[in-house]
Amino acid sequence: MKLSDRVCIGTGGGRGIGRAYALRMAQAGARLVIADINEANGQAVARELQKEGAEALAVRTDVSDEQSTRDMARAAMDKFGRIDVLVNNAALFADLTLKPFTEISVEEWDGLMAVNVKGVWLCAKAVAPFMKEQKSGRIINISSGVWLSGRANYMHYVASKAAVVGITRALARELGRWNINTNCVAPGAVLTEIPRETSSPEHMAAIARAQCIRRTEVPGDLVGTIVFLASDESSFITGQTINVDGGTSFQ
Amino acid sequence: MRLKDRVAIVTGSSRGIGRAVALRFAREGAHVAVVGVSDRAAAQAVADDIEEQGLTPAAGVFMLDVSRRAEVDSMVEQVLERFGHIDILVNNAGIIHPSHLWDLPEEQWDRVVGVHLKGTFNCTQAVLKDMMERKSGKIINVVAPAALRASGAGVADYASAKGGIIAFTKTAARELAPYRINVNCICPVARTRMTDSLMEFRGTKIEEHGSRYPLGWFAEPEEIAPTFVFFATGDSDYVTGQVLAVDGGLTM
């Protein structure tokens, strides 16, 4: 199996696309650390994986808190003895509301950046020493197609996801010599079990109509790319952002 | 095996990246049409390697010029006659004759653009009828960092042709998606005769290049081949019109 015995940390793995990533990585043979701020959700996914026969650990993690990210990495090391893959998926997303940038408060901006941008950095910072020691590792960041397309009344989120691409490239250049590959996946508008105010059915339908592949994206559309980037098959790929969006963005 | 019983055409597969892709596809269960242009012994050796390693038997060895439509059509017809379907097309055939822009002969421009760009068009159009009828197909084009960045002297014809292939990929992705045909581009760097000739022209060494890449090494064709498998399988069903660099981080 492509990820046999790999230890993979998935932030925000307790629900939505993060949960889908965790399930597929486990199916590919990985041992999973579910790092979610919602402890109950994280535990539920870990139990689900264990039922399938996979090894899994849930660690309550606030990615915006440095100590919490260190504890996450430590828990992974204590349980499994290594960290092979970090999927930086945790983000403020489903709870956001659309509003003109003139009405976004500084508190809201800072709170979003703390999770979506600082969290990516802190989780990378927490796992990098172990990956460097191993001289191998994979960091997979989750951006969004909106970093390329832009979207009105969504400036804080758009900016945060552009930052994730920048972080990806910076990490790729800085960590390559330790055989640590850093890549990014930019999903389109993904339909998950989590309701969100920013995506009405009309909005989702309009997006699907504009895609090459005219059906709404679901979490299962993303998992093949995540496993590919986590596996040895992508050993010469770093600093890249793959648009997994049914053919929407072409840069 | 992730490509069991699929039929794949891999152009330019008598050596280099194409050869590695042919072998890898055969390992994954695909019948591969090995396509070369002039060195029949090299193309036959790929089919022989496949057989000796006990992999899925090749779909045949074909010698042709991809810039000539009739030769492409004949190959596609023979593959269809034998297998009844073509699932994967890898447009990998290419040539390079490093030349400074001020020395580049018009005939060479036509030849280089003809093999890369028109060859990609020819092979794509030739397999479309079958793929469209079955509403299924994976087309993987091959470009190069030269198309994405100002990579240095000697490749104006080659870079232009590769840039054209990127535009072709995007427009074909849009037009063919209703027929469930994915069209993507891989932008690889690996040690091949092509890179050797370019390095010789520029007076550089592969080791120096590799050490400047973020990953610090230079890939062999075998290390590029798995990305072709990714784009040939259902793992990439929702990915189309994209260009993925497999180049150690050279291009970002």
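Tutor: Start with the contact between the chains. In this predicted model, 26 residues of chain A are in contact with 27 residues of chain B. Look at chain A's side of that contact. Three elements each supply at least two residues to it: α6 (155–175), α8 (220–230) and β7 (241–244) of chain A. The largest share comes from α8(A), with four residues. What kinds of residue make up the side of chain A that touches chain B? Nine are nonpolar, eleven are polar and six are charged.

How far can you trust the picture? The predictor gives the complex an ipTM of 0.96 and a pTM of 0.97. Chain B has an average pLDDT of 97, and 100% of its residues score at least 70.

The largest nonpolar core has 168 residues. M25(A) and V34(B) are the residues with the most contacts inside this core. Its largest share, eleven residues, comes from helix α4 (residues 106–134) of chain A.

Stay with M25(A). Which residues does M25(A) contact, leaving aside neighbours within four places in sequence? They are L3(A), C8(A), A30(A), L32(A), I226(A), V227(A) and A230(A).

Next, turn to the strands of chain A. Strand β2 (residues 31–36) and β3(A) run parallel, joined by five bridges. One pairing to find is D36(A), whose bridge partner in β3(A) is R60(A). To get from β2(A) to β3(A), the chain crosses through helix α2 (residues 39–51) of chain A. This β-α-β crossover is right-handed. Is strand β3 of chain A largely enclosed or left open? Four of the five residues of this strand (residues 56–60) are buried, so the strand is largely enclosed by the rest of the structure.

Finish in chain B, with L23(B). This residue lies in helix α1 (residues 16–27) of chain B. Is L23(B) buried or exposed? Count the C-beta atoms around it. The cut-off for buried is 20 or more other C-beta atoms within 10 Å. L23(B) has 23 such neighbours inside 10 Å, so it counts as buried. Not counting residues up to four places away in sequence, L23(B) touches D49(B) and I50(B). Now compare sequence with space. L23(B) and E223(B) are 200 residues apart in sequence. In space they are 12 Å apart, C-alpha to C-alpha.

Technical notes
Residues numbered from 1 in each chain as written. Chains lettered and ligands numbered in written order. Predicted model: local features only at pLDDT ≥ 70, side-chain atom pairs only at ≥ 80, totals over all residues. Buried ≥ 20, exposed ≤ 12 C-beta atoms within 10 Å, placed from the backbone. Pairing = 2+ DSSP bridges. Right-handed = clockwise from strand over helix to strand, strands pointing away. pLDDT = per-residue confidence, 0-100. Contact = placed C-beta atoms within 7 Å. Nonpolar A, V, L, I, M, F, W, Y, C, P; charged D, E, K, R; others polar. Core = buried A, V, L, I, M, F, W, Y, C linked by C-beta atoms within 7 Å.
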